[in-house]
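Please read this report alongside the sequence and the coordinates.

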Amino acid sequence: MPDTDAADDTDLVAKTAAPGDRPTETLDARELPPPEPLQNTLERLADLDDGTVLVQYNDRAPQHLYPKLTDRGYEYDTVETDEVVVTAIWRE
């Protein structure tokens, strides 16, 4: 698993359009095989309070997740670096 500094992670989340004044939960899906990142993300969202932002760390953009988020009424934004793809997911 790539090492990411906690400060770098916070900076990446701050670069997304996610509300910065909400609590966050994280899901590191970088070492999970498909379709586990998608399944785990949707399961985690179902358990979260609508005011919480879920931050998914992955090794690729979760293209198959995006339409499912839209269908469920979530907003999302993704920031990519060479080491990690960070997707913030929240409800307005």
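The sections below go from the basis of the values to the helix, the salt bridges and the strands.

## Basis

This is a predicted model, in which local features need pLDDT of at least 70 and side-chain atom pairs count only at pLDDT 80 or more, while totals for chains, interfaces and linings use all residues. Residues are numbered from 1 along each chain as its sequence is written, and side-chain values use heavy atoms, with hydrogens and water left out.

Helices (H or I, at least four residues) and strands (E, at least two) are DSSP runs, numbered from the N terminus. Buried stands for under 20% relative accessible area, exposed for over 50%, and partly exposed for values in between, with a 1.4 Å probe and protein chains only.

## Helix α2

Helix α2 covers residues 36–47, 12 residues in total. From first C-alpha to last, α2 reaches 16 Å, close to the 16 Å expected at 1.5 Å a residue; the expected span is 1.5 Å times one less than the number of residues.

The buried residues in α2 are Pro37, Leu38, Thr41, Leu42 and Leu45. Viewed down the axis of α2, these buried residues fall within an arc of 125 degrees, so they line one face of the helix. The arc is taken from the directions from the helix axis to the C-beta atoms. An α-helix has 3.6 residues a turn, so residues three or four places apart point the same way. Exposed residues Glu43, Ala46 and Asp47 are carried on the face of α2 turned away from its buried side. The cover over the buried residues of α2 includes β1 (24–28), β2 (53–58), α3 (65–71) and β4 (85–90), where contact means heavy atoms within 4.5 Å.

## Thr41

Which residues does Thr41 touch, not counting residues up to four places away in sequence? They are Leu27, Leu54, Gln56, Leu65 and Ile89. Thr41 lies in helix α2 and counts as buried, at 0% relative accessibility.

The side chain of Thr41 also reaches the backbone oxygen of Pro37, at 2.7 Å. This falls under polar contacts: pairs of N or O atoms within 3.5 Å, where within protein one must be able to donate a hydrogen and the other to accept it, and residues adjacent in sequence count only if both atoms are side-chain atoms.

## Salt bridges

A salt bridge is a side-chain nitrogen of Lys or Arg within 4 Å of a carboxyl oxygen of Asp or Glu. By this rule there are four salt bridges. One of them joins the side chains of Arg44 and Glu25, at 3.5 Å from N to O. Arg44 lies in helix α2 and Glu25 in strand β1, so the pair ties together parts that are 19 residues apart in sequence. Arg44 is partly exposed, with a relative accessible area of 26%; Glu25 is partly exposed as well, at 33%.

Asp28, in strand β1, forms a salt bridge with Arg30, the closest N and O atoms being 2.6 Å apart. Here Asp28 is partly exposed, at 31% relative accessible area, whereas Arg30 counts as buried, at 9%. Asp28 and Tyr66 are 38 residues apart in sequence and 17 Å apart in space, C-alpha to C-alpha. Asp59 pairs with Arg60 in another salt bridge, with 3.4 Å between the closest N and O atoms. Both partners are partly exposed: Asp59 at 43% relative accessibility and Arg60 at 42%.

## Strands and the cis peptide

Strand β2 is mostly covered, with six of its six residues buried. Val53, Val55 and Tyr57 point one way from β2, while Leu54, Gln56 and Asn58 point the other way. β1 and β2 run parallel and are joined by five bridges; two strands pair if DSSP finds at least two bridges between them. Glu25 stands opposite Leu54 in β2. Glu25 is also the residue whose side chain meets Arg44 in a salt bridge, and Leu54 is among the residues that Thr41 touches.

Strand β3 (residues 75–80) pairs with β4 in the antiparallel sense, over six bridges. The two form a hairpin with four residues between them, and Tyr76 stands opposite Ile89 in β4. In the loop between β1 and α2 is Pro35. The peptide bond from Pro34 to Pro35 is cis, with omega near 5 degrees.
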